[in-house]
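Subject: Structure handover

Hello,

Here is the structure for your files. Please open it before reading on.

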Amino acid sequence: MAGDKMQIRMRARVGRHIYSRAASALHAWESGMEVPLGLRVRSVRENDLPEILKIEESAFRYPYPLGYLRFLAKVNPYTFLVAENQSGIVGYVIADIRYRSEGHIISIAVREDERRKGVAKLLIRSVNSEFRKLGVRFVRLEVRASNLAAINLYRSMGYKEVGVMSGYYRDGEDAIEMVARIDDVA
Ligand SMILES: CC(C)(COP(=O)(O)OP(=O)(O)OC[C@H]1O[C@@H](n2cnc3c(N)ncnc32)[C@H](O)[C@@H]1OP(=O)(O)O)[C@@H](O)C(=O)NCCC(=O)NCCS
């Protein structure tokens, strides 16, 4: 499984700090990104789901239920990734592939106490690298028009706004549709 490759541990010097990281973070390292101590990214496992559910419930107004998270984990074994450190799961990204070459980010969330440390960036880079191996050329996502943190995150990684989906969310809020070419993701 793709996740197995991610478990090779390495020591890397990044900026002023020395970090222990997973091989999946190599791209981040090459691009000079700082990664928090002991963070690693791997494919989701069934027993991660209760921790993921906790993050999901605190991050979203309409969280996915456990059964749906379990389904997503089953059908997307290479593109449902978790980031973990010594404290447990600190974030996850759920993505799938549509129309053969189009990636789609379904959800991403980071535990509140671990935000603004580069966890989401590392997850997006990691899923991008899985997408590349699977032949994906473009990635698409939808984000709430009011979610400036997420919009900034995606912009900073090379995603461009391509449209507005009026009333997309169940409370009537619009979604901003964003797209990136796989080779342009920073
Ligand atoms: C959006 C979210 C996933 C970001 O996770 P994170 O690990 O904190 O993000 P990172 O540390 O990788 O941040 C990368 C960049 O995103 C942008 N960003 C992240 N959080 C931000 C915030 N609160 N305000 C403004 N910009 C923000 C910044 O450009 C940041 O770079 P910087 O820290 O160098 O300024 C996290 O806030 C979260 O889980 N939110 C709730 C769930 C959610 O809204 N998910 C998105 C659904 S589309």
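Predicted model: local features only at pLDDT ≥ 70, side-chain atom pairs only at ≥ 80, totals over all residues.

Residues are numbered from 1 along each chain as its sequence is written.

The sheet. An open sheet has 7 strands, ordered E3-E4-E5-E6-E7-E9-E8, with mixed pairing. Strands are DSSP runs of E, at least two residues; helices are runs of H or I, at least four; both are numbered from the N terminus. Two strands pair if DSSP finds at least two bridges between them. Strand E3 (40-43) and strand E8 (160-165) are at the edges with a single partner strand each, so one side of each has no neighbour in the sheet. E4 and E5 pair antiparallel over 6 bridges. Ala 83 has Gly 91 in E5 as its bridge partner.

The core. The largest nonpolar core holds 40 residues; Leu 81, Ala 83, Tyr 92, Val 93, Val 119 and Leu 123 touch the most other members. H5 gives the largest share, 7 residues. (Such a core is a set of buried Ala, Val, Leu, Ile, Met, Phe, Trp, Tyr and Cys residues joined through C-beta atoms within 7 Å; buried means 20 or more other C-beta atoms within 10 Å of the residue's own, with C-beta atoms placed from the backbone.)

Best wishes

Notes:
Buried ≥ 20, exposed ≤ 12 C-beta atoms within 10 Å, placed from the backbone.
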